[in-house]
Amino acid sequence: MELARLLLVIALVLVLHGTETLGGDAPLVPDYYKETCPPVEDIVRRNVEIAVLKDPRMAASLLRMHFHDCFVLGCDASVLLDSQGSMVSEKQAGPNLNSIRGFEVIDEIKFILEKACPDTVSCADILAIVARDAVVLRGGPGWNVLLGRRDSLEASFSGANQFIPAPNSSLQTLIAKFQQQGLDVGDLGLLTGSHTMGKARCLSFRQRIYDASTIHHDHYKRYTTFRRILSSICPESGHDNEFAPLDLMTPARFDNRYYINILQGEGLLISDNVLVTQDPEGEIIEQVWAFASNQELFFDSFANSMVKMGNINVLTGNEGEIRRNCRFVNS
Ligand code: HEM
Ligand SMILES: *[C@@H]1O[C@H](CO)[C@@H](O)[C@H](O)[C@H]1NC(C)=O
């Protein structure tokens, strides 16, 4: 009797273990390509360096791409797929259309990696490494990127519209959208610190400068100047694709200036501003003050949150595939 039970337990353990290694529960690891593609991180870094030398803003664009990938079906490179057959690309969705950029950089890296280590490195892992390198290149923190993601067989146009938060979201909506991804309020305050670099279109911040309800009374004094600068770039109508830096003070650096800006009421997007104007628990405000006064703390915590974001719904084991061309599923 006891022996039978023991054998049953052993059998169950073996079955569960078997499905784990075959299925999708294998955790990501830092040295995933140690045997199969040792130069992967060097190749990626060198190419991100070149891309950012040519176009400094590319660092921001590449960081954002990883975020837009992870929030839609998980970090599975679904964002990279072009439309094909009945599948509509996520690139066509509202948050991405005429906005997300850097696909040629990923194509170039994938092309080189396919020569160095054919059929080995996933596009989803490339996005994760690239995001880290982009942050480092602009003066931000580094971290060990966990690897072993596989690429999706599909894209989700509707998911991209549904899951990526809009720039005029309320704080409540932002918190909910992050919670949907298994990220908490702390991660929201941290990852939005990415708006320390890069640019937004007039279309994304117009409501922020013309809808008076977005202004907090504490901020009126500085707001006049802030608004004058921005309204010269972005009139009440038209000029939709003119840019302003998300961090007006140190636009090219990954630093903690973003937090000082939002405390002064100079967050460019409504979604930046609400972190300090709509926070009922005071939880985020406290964090914002801490990061504004301690860049080390921001950097360390940001790195942790990036690793957490990079783990969202990853495909592993025999799920998905290793795409040969990041824009198309293998045929
Ligand atoms: C909290 C919710 C967020 C909202 C509502 C939001 C919204 C936006 C918007 C509207 C833009 C400008 C797009 C345009 O006008 O073309 C932008 C740019 C950017 N976002 Fe966010 N974002 C959020 C969180 C994040 C996160 C979590 C990251 C990274 C981990 C990120 C990284 C960036 C970067 C780097 C840019 C500049 C891109 C460039 O210059 O090409 N954002 N974001
Ligand atoms: C947010 O922006 C969209 C598109 O411009 C608009 O339709 C919507 O009414 C805005 N939402 C809020 C809460 O202001």
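The residues lining the largest cavity divide into six nonpolar, two polar and one charged. In this classification Ala, Val, Leu, Ile, Met, Phe, Trp, Tyr, Cys and Pro count as nonpolar, Asp, Glu, Lys and Arg as charged, and the others, Gly among them, as polar. The model is predicted: local features need pLDDT of at least 70, side-chain atom pairs count only at pLDDT 80 or more, and totals for chains, interfaces and linings use all residues. Residues are numbered from 1 along each chain as its sequence is written, chains are lettered from A and ligands numbered from 1 in the order in which they are written, and side-chain values use heavy atoms, with hydrogens and water left out.

**The cavity**
- On a 1 Å grid over the protein atoms alone, a cavity is a set of points where a 1.4 Å probe fits but cannot get out, and a pocket is an open set with protein on both sides within 12 Å along at least five of seven lines; lining residues have an atom within 4 Å of a point.
- One cavity of 30 Å³ or more is found in a search of the whole structure.
- The largest cavity holds about 60 Å³ of space, a volume being the space filled by probe spheres set on the grid points, which are joined across faces, edges and corners.
- Its lining consists of His66, Ala128, Trp143, Val145, Leu146, Arg149, Met306, Val307 and Gly310.

**The largest pocket**
- The volume of the largest pocket is about 980 Å³.
- This pocket is lined by 43 residues, of which Arg64, Phe67, His68, His195 and Leu269 are the closest to its centre.
- Helix H3 (58-70) is among the elements that each supply at least two lining residues, and H3 gives the largest share, six residues; helices (H or I, at least four residues) and strands (E, at least two) are DSSP runs, numbered from the N terminus.
- The lining comprises 24 nonpolar, 13 polar and six charged residues.
- Domain 1 (39-163) and domain 2 (183-308) each contribute at least three residues to the lining, with domain bounds taken from an automatic or database domain assignment.

**Ligand 1**
- Ligand 1 takes up the space of the largest pocket; a molecule sits in a cavity or pocket if more than half of its atoms lie within 2 Å of its grid points.
- The ligand is surrounded by 25 residues, and the closest are Ser61, Ser99, His195, Arg201 and Ser204; a residue is near a molecule if one of its heavy atoms lies within 4 Å of it.
- A polar side-chain atom of Ser61 lies 2.6 Å from an oxygen atom of ligand 1, and a polar side-chain atom of Ser99 also lies 2.6 Å from an oxygen atom of the ligand.
- At Arg201, a backbone N or O atom lies 2.7 Å from an oxygen atom of ligand 1.
- The shell around ligand 1 has 13 nonpolar, eight polar and four charged residues, and H3 supplies its largest share, four residues.
- Because domain 1 (39-163) and domain 2 (183-308) both give residues to this shell, ligand 1 lies between them.

**The second largest pocket**
- The second largest pocket has a volume of about 150 Å³.
- Among the residues lining the second largest pocket are Asn47, Lys54, Asp55, Glu104 and Glu108.
- Helix H2 (40-54) and helix H4 (103-116) are the elements that give two or more residues to this lining.

Note on methods
A polar contact is a pair of N or O atoms within 3.5 Å; within protein, one must be able to donate a hydrogen and the other to accept it, and residues adjacent in sequence count only if both atoms are side-chain atoms.
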